[in-house]
Amino acid sequence: MFDEIKLNKEYKYFDGCRWVHSAEYRKIEIKNPVDDSVVGCIQNCTGDEIIRVVETLKEGQKRWASKTIDERATILDKAADIIESQVDFIGNILCREIAKPLNDAKEEILRSAQITRFTSHSVRTIEGQYLQSGVFYNTKNNKQCLVKREPLGIVLAISPFNYPVNLSCSKIAPALASGNAVILKPPLEGAISAFHLVQCFLEAGVPGGVIATVTGESKKIGDILVPHEDISCISFTGSTSTGEIIARKAGIKKLLFELGGNGTAIILDDCDLEKTINDVIPGAFSYSGQRCTAIKRLLVQDKIAGRAIALMKKKIEKLSVGSPLKNNDITPLVGLHHAEFVENLINGAKRGGAKIITGGRRKGNLIEPTLIDKVDPGMSIANVEQFGPVLPVIRFKKIDEAIEITNTTKYGLQSCVFTQDIDKAFYIAERILTGTMNINCAPSRGPDTFPFLGVKKSGIGVQGIKDSILEMTREKVIVIKTSKNLSK
Ligand code: NAP
């Protein structure tokens with residue numbers, strides 16, 4: 001099924017109709033973060049090739065939009081079955097490409113199949129509206145208004161390295177379901193897994209001219225596609241800094257952005273500490289902290305800080321460290337520069353007087369799972385998005401102090417509070433500037449049927465299965481005037 005997407009170890013790009021080689025002879029190597037071995041090479045598309053993809057999709061989108069919702073949804077159902085049948089195969093590639101623990105990599109593929117299936121279901125339930133003019137002040141009742149939803153056109157989907165399959169799928173599925181064409185620009189690290197996902201949609205019957213995937217230098221691709229007037233929507237997930245570059249270039253088009261996060265967990269002294277820590281540890285350390293929703297700052301109320309730290313130290317020291325193929329909890333970060341960045345943040349905190357409780361060292365691109373106490377809210381480690389297995393602890397006395405510290409960050413994706421007092425939980429939840437506030441659970445993206453959004457520098461628009469369909473369609477209003485007033 002995947003034969004045509006590559007020749008030996010060289011992966012092609014999909015130009016809207018076929019898997020092809022780029023005319024550019026220089027290819028880009030994708031290396032396994034664990035041992036630097038080459039997983040495969042990908043194409044470095046030329047400017048002309050990228051522009052031709054848009055032209056192909058412009059025509060194809062019209063044909064796709066003229067299909068019935070049921071026809072499109074049926075293809076999505078088939079795609080879901082195909083993706084599910086490839087969990088082991090694609091999961092293995094994903095594990096080697098981005099050093100994600102194998103079981104988590106397989107889970108990402110399975111989740112993508114479920115997103116596709118639920119999207120097919122959801123698109124069938126989208127409804128329009130019927131309105132009458134006579135409800136408004138001093139207006140005759142001689143106009144009827146029908147509101148239906150229409151696709152936007154071509155969606156440019158740009159996904160990040162940490163969930164290259166899931167976050168490509170959560171853009172492709174709603175875009176296709178609602179009659180858009182979609183150009184996928186996968187991340188460099190994770191591109192090969194994403195190609196396999198695209199092939200699953202093609203195998204399910206997505207016709208020519210409706211989906212394409214381009215790879216190469218991200219700045220070049222962005223410079224061509226982001227401002228292109230035939231791109232109607234950019235669905236981007238990645239860092240806030242890249243999001244800002246894209247937003248500046250995009251011009252007038254729909255922007256759907258999922259950006260960086262710096263999630264805070266607030267632990268109040270009345271919480272069930274054992275249960276809380278059981279949530280906090282995976283919340284901070286899953287996929288070695290390379291998640292936008294990972295807990296990146298732990299605010300612990302003074303009275304229980306000593307006990308909380310002792311408990312966390314014990315649990316962190318039990319995390320397994322090593323190969324993703326063996327499902328270790330902590331695996332090498334996706335690149336050496338990422339690991340060096342995290343190491344610098346740890347060293348900066350140490351110099352500023354914070355105390356390393358456990359971990360703190362780097363070997364290659366592997367960072368030991370690290371717990372740091374007595375972090376000051378002003379330190380870089382508490383303010384920038386550190387994408388590593390590091391949990392900084394900030395102690396606080398009063399609830400309002402915790403709220404203030406939480407709100408100092410420029411991000412606003414998710415946060416959480418642990419307490420047995422529902423009044424305190426709501427007091428905090430209503431005062432934190434965040435897309436989602438979790439009470440007694442760690443932040444997470446999902447289940448994918450929940451709305452997912454970031455405020456401040458963490459995003460624009462709302463994702464989630466139904467929300468993404470709504471965001472990738474627009475309302476079309478049809479007004480009919482009658483010669484006589486309508487009966488009431
Ligand atoms: P990134 O460096 O911003 O890259 C994201 C994507 O943008 C990649 O496909 C990248 O391509 C592409 N890109 C880079 N520069 C571009 C440009 N000038 N024009 C167009 N595309 C461009 O982010 P990342 O390191 O892959 O992912 C980690 C970040 O994503 C973190 O900040 C994390 O918080 C965020 N994230 C957010 C969410 C959320 O839901 N809010 C979810 C997951 C991740 P190349 O890889 O080819 O450079």
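Before looking at the helix pair, I noted the convention that a crossing is left-handed if the near helix is turned anticlockwise from the far one by less than a right angle, and right-handed if clockwise. I also noted that this is a predicted model.

**Entry: H3 against H4**

I looked up how helix H3, residues 87-98, packs on helix H4, residues 102-123, and found an angle of about 125 degrees with the axes 8 Å apart. That angle makes H3 oblique to H4, and I recorded the crossing of the two helices as right-handed.

I then went through the residues in contact: from H3 they are Val87, Asp88, Ile90, Gly91, Leu94 and Cys95, and these meet Leu102, Ala105, Lys106, Glu108, Ile109 and Leu110 of H4.

**Entry: the ligand shell**

Next I turned to the ligand, which is surrounded by 30 residues, with Pro160, Gly222, Gly238, Thr242 and Glu258 the closest. The elements that give two or more residues to this shell are helix H7, at 218-225, and helix H8, at 240-250; H7 gives the most, with four residues.

Finally, I checked which domains take part, and noted that the shell draws at least three residues from domain 1, assigned as 3-259 + 458-475, and at least three from domain 2, assigned as 263-439.

Note on methods. Residues numbered from 1 in each chain as written. Predicted model: local features only at pLDDT ≥ 70, side-chain atom pairs only at ≥ 80, totals over all residues. Axes fitted to C-alpha atoms, helices over the stretch in contact; angles between N-to-C directions. Parallel < 35°, antiparallel > 145°, perpendicular 65-115°, else oblique. Contact = placed C-beta atoms within 7 Å. Near = placed C-beta within 6 Å. Domains from an automatic or database assignment.
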